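Reader: I would like to learn how to read the salt bridges and the exposure of side chains in a model like this one. Could you take me through them step by step?

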Amino acid sequence: MGKYSSPQLSTVEIPKYEMGRIAAKTIMEMVEGKIKLPIKIILPFELVLGNHLT
């Protein structure tokens, strides 16, 4: 349906692999008592304008 929309759909490209890697590292550090929640981690993202989702 995305390829037929007007205006064209935009998406956000997120670093999925990096998110998983950091999540696993954070969980391990929590278990080891190195960090406590809450924490804030900011990852880069990219706005992809007018992307046709197929």
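Author: We begin with exposure, where buried means under 20% relative accessible area, exposed means over 50%, and partly exposed lies in between, computed with a 1.4 Å probe on protein chains only. This is a predicted model, in which local features need pLDDT of at least 70 and side-chain atom pairs count only at pLDDT 80 or more, while totals for chains, interfaces and linings use all residues. Residues are numbered from 1 along each chain as its sequence is written, and side-chain values use heavy atoms, with hydrogens and water left out.

Reader: What share of the residues of the protein counts as buried?

Author: Of its 54 residues, 7% count as buried.

Reader: How many salt bridges does a search of the whole structure find?

Author: A salt bridge is a side-chain nitrogen of Lys or Arg within 4 Å of a carboxyl oxygen of Asp or Glu, and the search finds 3 of them. One joins Glu 29 and Lys 25 at 3.6 Å, N to O; both residues lie in helix H1, 4 residues apart, about one turn of the helix, where helices are DSSP runs (H or I) of at least four residues, numbered from the N terminus.

Reader: Which residue does Lys 34 meet in a salt bridge?

Author: The side chain of Lys 34 meets that of Glu 32 at 3.2 Å, N to O; Lys 34 counts as exposed at 60% relative accessibility, whereas Glu 32 is partly exposed at 47%.

Key:
Helix = DSSP H or I, 4+ residues; strand = E, 2+ residues; numbered from the N terminus.
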